[in-house]
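Here's a friendly tour for anyone meeting this protein for the first time. Have the view open and follow along.

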Amino acid sequence: MRELSVIGGNGVRLVADAYGDPTHAPVLLLHGGGQTRHSWRNTARDLALAGFFAVSADHRGHGDSGWDPDGDYEWSRFREDMEAWSAELGGAPAVVGASLGGMTALLTAGSRILEGKDAAMGAIVLVDIGPKVEMEGSDKIVGFMGARPDGFTSLEEAADVIAEYLPHRPRPKDTSGLAKNLRLHPDGRYRWHWDPAFISNINERRAARAEGSLDEYARALNIPALLVRGRQSDLLSEEGARYFLDLCPHAEYVDVAGAGHMVAGDKNDAFTNGVVEFLSRVVAH
């Protein structure tokens, strides 16, 4: 593993971990809102073992990537970030995006194609996200991310809160891994590893989803596409999945049993196997 970095929109420095041989076909992994690049660690390693060059990136305002100096987390900035990574990886990496990452990939590819440009990616994997989502599930995620702005007294306390939010997932006995998603501040409290400004304008990003442009972007996709849904997801319903598949008839579909919205974290083996099988068929090694 080695670290990569690029300069994205508005001069923000973006950081990623790279796994595997850089001469192999690149796969860019983009995490969900509130997560970090470490959420893809196991998947990235498996992709590298399968013969890909896997690059797991922190979004702007997340993990070790920079915070936007103007607090700008509009979709246009995420597109600029995606384009910067695409250029760094040769112009057409396969992109695997969960939630926020999937939205970034979809709007980048779709808007570019409608503008008469290439998609800036060779294939797209959308993980539990699509043009039509359940607002109740979305509200739950936003509520969790916006809660506890004062942070936690310990990693144990944070683990308890996460376990309450994700009751279907066993609470880890070793909480040290949470240190990658939390920052220890000088006041001795742990706070989430993202810019609070990312939450403050989240409603503007959600409003942009309702304008109907995502339908156009999905219809425009002319690259290999895969939709992966967690069968227990409260964000992407079966109806929402079918809605995307109607818009993008050539897309393939995997429904992962026993997984919720955090598909890779809930059922990593089943998720990774599906992604590796798809990319091995559609991406030239």
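Which helix gives the largest share of the lining of the largest cavity? That would be helix 2 (residues 75-88), with four residues. Before going on, a word on the source: this is a predicted model, where local features need pLDDT of at least 70, side-chain atom pairs count only at pLDDT 80 or more, and totals for chains, interfaces and linings use all residues. Residues are numbered from 1 along each chain as its sequence is written, and side-chain values use heavy atoms, with hydrogens and water left out.

A cavity here is a set of points on a 1 Å grid over the protein atoms alone where a 1.4 Å probe fits but cannot get out, while a pocket is an open set with protein on both sides within 12 Å along at least five of seven lines; lining residues have an atom within 4 Å of a point. Volumes are the space filled by probe spheres set on the points, which are joined across faces, edges and corners. There is one cavity of 30 Å³ or more. Among the residues lining the largest cavity are Leu14, Leu30, Ala57, His59, Phe78 and Trp85.

The second largest pocket has 13 lining residues, and Pro149, Arg191, Trp192, Trp194 and Pro196 lie nearest its centre. Helix 4, strand 8 (190-192) and helix 6 (196-200) are the elements that each give two or more residues to that lining.

For the classes below, Ala, Val, Leu, Ile, Met, Phe, Trp, Tyr, Cys and Pro count as nonpolar, Asp, Glu, Lys and Arg as charged, and the others, Gly among them, as polar.

| Space | Volume | Lining by class |
|---|---|---|
| Largest cavity | about 70 Å³ | six nonpolar, two polar, three charged residues |
| Second largest pocket | about 220 Å³ | eight nonpolar, two polar, three charged residues |

**Helix 4**

Helices (H or I, at least four residues) and strands (E, at least two) are DSSP runs, numbered from the N terminus. Helix 4 covers residues 135-146, twelve in total, and spans 16 Å from its first C-alpha to its last, close to the expected 16 Å. That expected span is 1.5 Å times one less than the number of residues.

Which residues of helix 4 are buried? They are Gly137, Ser138, Ile141, Val142, Phe144 and Met145, where buried means under 20% relative accessible area with a 1.4 Å probe and protein chains only. These residues sit on the same side of helix 4 because they cover an arc of only 160° around the axis, taken from the directions from the helix axis to the C-beta atoms. After helix 4 comes arginine 148, with a positive phi near 55°.

**Two covered strands**

Now for strand 4 (residues 52-57), where six of six residues are buried. Phe52, Ala54 and Ser56 point one way, and Phe53, Val55 and Ala57 point the other. Two strands pair if DSSP finds at least two bridges between them. Strand 2 (residues 13-19) runs antiparallel to strand 4, with four bridges, and tyrosine 19 stands opposite alanine 54. Strand 3 (residues 25-30) runs parallel to strand 4, with six bridges, and there leucine 29 stands opposite serine 56.

Strand 9 (residues 225-230) also has six of its six residues buried. Ala225, Leu227 and Arg229 point one way from strand 9, with Leu226, Val228 and Gly230 pointing the other way. Valine 127 has valine 228 as its bridge partner in strand 9, while leucine 226 has glutamate 252 in strand 10.

Technical notes:
Buried means under 20% relative accessible area, exposed over 50%, partly exposed in between (1.4 Å probe, protein chains only).
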